[in-house]
Structures are given as C-alpha cells and as structure tokens.
Amino acid sequence: MSHTLIQKYNVPGPRYTSYPTVPFWKNSTLTQDEWLGSVQLNYETFGSNEISLYIHLPFCESLCTFCGCHKRITKNHSLETPYINAVIEEWRIYLSKMDFKPVIRELHLGGGTPTFFSPEALKRLISSLLSMASVHPTEFEFSFEAHPNNTTDEHLAVLYGLGFQRLSLGIQDYSPTVQQAIHRIQPFENVAKVHAKAKEIGYTSISHDLVFGLPKQTLADVKDTVAKTLLLMPDRISLYSYAHVPWVKGVGQRGYDESDLPQDSEKRALYEVAKSLLEEAGYLEVGMDHFALPHDSLAMAMKNKTLHRNFMGYTTQHTPMMIGLGMSSISDSWFGFAQNEKTVEAYQERVMNGELPVFRGHVLSQEDLVIRRHILDLMCHFETVVNDKTFLEQVKVRLREMEADGLVVFDGNKLLITEAGIPFVRNACMAFDKDLQGGEKRERMFSKTV
Ligand SMILES: C[S@@+](CC[C@H](N)C(=O)[O-])C[C@H]1O[C@@H](n2cnc3c(N)ncnc32)[C@H](O)[C@@H]1O
Ligand code: SF4
C-alpha cells in the first residue's frame, strides 16, 4: 500500500464502535428514566423481547501496559463476592423496572479478565442471572474472554456446563521482546494447552486476539505469531490495530516510548503480512480487523450482509438491544446509549442503593439515527446508499480527495469503498460524522485511523 496515502490519511479518528462516538455524547447526566424510556421504545419499535447481555468483569492480576480496556489491577480476590453481588443486584433492578420480560439470546463475559474470578464465583453469577430471566430455547450464544495464563480446566468445564460454547483468548504477540515491552509474558505452550482443552471439552468456536503495531514489534514477530496461531487454527482471529491513547485516565500505556511504536506504513505492513498469511491459510477477512474460517458465523454474516458492529467490535449480534451490566459497561437500545459508573466503588454503591448505575449516555436524534445507519453500513458492508440529495452532495464534497485517490467510488446515490480504500474506511465514515465537521482538535480524543 502506498506510503503517501497512509501519511495523508492516517489521522486521529474514531473506531466507530458506536455513533455518536462517546466523546460526543450529549447527556452527561442521563437519568435512569430517560434510559429506561429508550429501552421501552426499542421494545415497542422492534416488537422483540430478545436481548444481548454483556457483563463486564474488570479485575486483572497484572497490568499489560498496552491495554486500553476498563480494568482494575489487583491480586485481592476477596473483591469477587461483593462485585458479583452487585451485578446480580443490577440485573434484579433492571428486571423490576422493565415493562416486558426479556429473553436472553446472547451473553458475553468481557473484561478486564473474567477468568480472574473463580469458577465457583462465575457459576453463582451466571446461575443467579439466568434464574431471574428466560434464555431463548434454541438460539442462544454464550461466550467469554479468557486470559490464557489463568484459565483453568475447571473454568472451561464449569462455563461449558452453564451453556458457554465460545471463547476468545488474549494473545497479542508471541515475541518475548514484545511481551516484555507490554508486560505480558505468555508462552505459546500456555495458549496451546487452553485451546486444546477447550476443544476437547466441546467448545464450538475459539477466537484468538492478536494486535499489530505494538511496541518493538517487527515483521518477523508478526510472521512468527501468525505461524504459531496457524498451528491451532482458531475459528476466528481478531487482528486489532494497537490503539495508542496514553492520555486516557486509567490506561496503563507506559514502559515504552513513542519511538518503540511502528508508525504509518511500517505499522500497516504488519497488518498486510498477517492478512496475506491468514488468507493463504484459508481465512476470510471480515470487516477491517477480523478474520474467520469460512464455516464460522462471522464469515457467513459478512457474506450475507448481516454483520453488525458494537462496542466489542464486529459481531453477529442477533438482537436489537444490548444491556451491559457491571462497572463501565455500555448498553445500547438503538435509540440511546448508557454507560455505567467507571469505578468499582461508585458502581457498587449506586447498585446497592437500588439504582441503575448509569452515569452518562446519549439519546439519538433522528439525524443521529440516519448517520448511525450509514456508518454501520460502511464499517460492516463497505457501502451505503444516501437517499437525501443534500446530504449526498455534502458527503461527495467531503470525500472528493478520497474519490480522486481511488479509495471510494459513487454509483448514483450509492457510496462504495474500493479494495484499496478498506484500510481507510474509518476516514470515509468521518465524512458522515456531524460531530467532526467543525475542525476541532482530535489529537487527544481518538487513536489514529490506520
Ligand atoms: C479484555 S482483553 C481480553 C481478555 C483478557 N483480559 C486477556 O488479556 O487475555 C481484550 C482485548 O482487547 C485488546 N486490546 C486491549 N488494549 C488494546 C489496545 N490499546 N489496542 C488494541 N487492542 C487492545 C487485546 O487484544 C485484548 O486481548
Ligand atoms: S490485556 Fe487483558 S489482562 Fe491485560 S490489562 Fe488488559 S484486560 Fe487485563
């Protein structure tokens, strides 16, 4: 890929896991009633009581210095019980305030590190949540994020017994130099052991998270990491671009210099080499940073144009509503977003006072809803149809340079991202984003687009 194009388009920009993006949410004090109103609107509009449940389990024993997730580093396992009590209580509050009885179709445990919690604690959490609501009788998908260093055979067996069939393993990179730089020592043997045990137990989908653009990471490191990954042939692979956001509070991005980070075309080359090795091995590229074997539902969703994108990245989410439980979790009713308190203490305190712990959010306007649809279509299907003539003209003007550079084409009122434009799809989305048209500084707001 052209070095000049990368230099030209590699600017700070959103990852578009939501629209509007979090820094532009308007309701800095979203009330419980405003949020529940948008949940009810979702139910009335889509006529479905099926929901996806996301549960954030924030604790990790050790800090990986590259990590941009909401987490709490601690070795104190006595924190497990009060936290789990709070999540169960939060769910009880939701159920008491919703005007309909939800049916769980998807359940995902994310973090932090869900496997920080003991198998018994996870069992109590899941059994309690499920005892209060119904699960779809046939179509349900339970998944969790597993840290290979602390996922035991018992974790795998207990969660499988509760209905979990999918897991993702945090890998990042196998190079000892990179692992030292990001403070995450994790030999291949640990991963292979957890992967093999999960297969043996009967998990039907295993995903590996890799990251490109990490400190001190070279082309040889990426090649070796992909080669090791291919020894295990996971069903899915996420190949995330390292998001460098050291200004965000609570993020541990230290222990390395900016000069240790591969930049621009050097960084993109890491993705390209991984992509070609994965495609050679039979994986299909899904969206801009995922790969899946052709049998996997993510690959099929890409093909059938049913792929979705939410706060976790690309998904096959089958419900119009996602409820997030736990500290910092984000819920999405399509008409609104709500985020929970971002510290464990504030989260637990509000729940134990009998309130939903929502502290900010956004209720989408009609204009937001239209833009959200365009951005989702571009991110998931690399095309969108713009029916509003005035808006189409505005977007055309904003995308003139990308069109001249062969990254996008217009076919009547349809905008298509070309093959060469795929790495720059976030830049194309930015032309639709009404919050980015004022020319304000975005340096300390978003990571770079490439
Ligand atoms: C919550 S962690 C996964 C579970 C578990 N904590 C672990 O580390 O194995 C989620 C994933 O987000 C990705 N991630 C975290 N920080 C990132 C960053 N700054 N840029 C890109 N990806 C990141 C990593 O691939 C990581 O595995
Ligand atoms: S990468 Fe995973 S284990 Fe490491 S700090 Fe982030 S959430 Fe915790």
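Predicted model: local features only at pLDDT ≥ 70, side-chain atom pairs only at ≥ 80, totals over all residues.
Ala, Val, Leu, Ile, Met, Phe, Trp, Tyr, Cys and Pro count here as nonpolar, Asp, Glu, Lys and Arg as charged, and the others, Gly among them, as polar.

## Helix 3 against helix 4

Next up is a helix pair: helix 3 covers residues 80–97 and helix 4 covers residues 119–132. Their axes sit 10 Å apart, at an angle of about 10°. Angles under 35 degrees count as roughly parallel, and helix 3 and helix 4 are therefore roughly parallel to each other.

Who meets whom? Helix 3 brings E80, I84, V87, I88, W91, R92 and L95, while helix 4 answers with A121, R124, L125, S128, L129 and M132. The residues of this contact split into nine nonpolar, one polar and three charged.

Three strands make an open antiparallel sheet, in the order 18-20-19. Strand 18 (383–385) and strand 19 (408–411) each have a single partner strand, so one side of each is left without a neighbour in the sheet. On average, neighbouring strands here are turned by 15° against each other, ignoring direction.

Strand 19 and strand 20 (residues 414–417) run antiparallel and are joined by four bridges; V408 has I417 of strand 20 as its bridge partner. Helix 12 (residues 366–381) packs on the sheet, where it touches strand 18 and strand 20. The direction of helix 12 makes about 150° with that of strand 18.

Conventions
Residues numbered from 1 in each chain as written. Chains lettered and ligands numbered in written order. Pairing = 2+ DSSP bridges. Helix = DSSP H or I, 4+ residues; strand = E, 2+ residues; numbered from the N terminus. Axes fitted to C-alpha atoms, helices over the stretch in contact; angles between N-to-C directions. Contact = placed C-beta atoms within 7 Å. Parallel < 35°, antiparallel > 145°, perpendicular 65-115°, else oblique.
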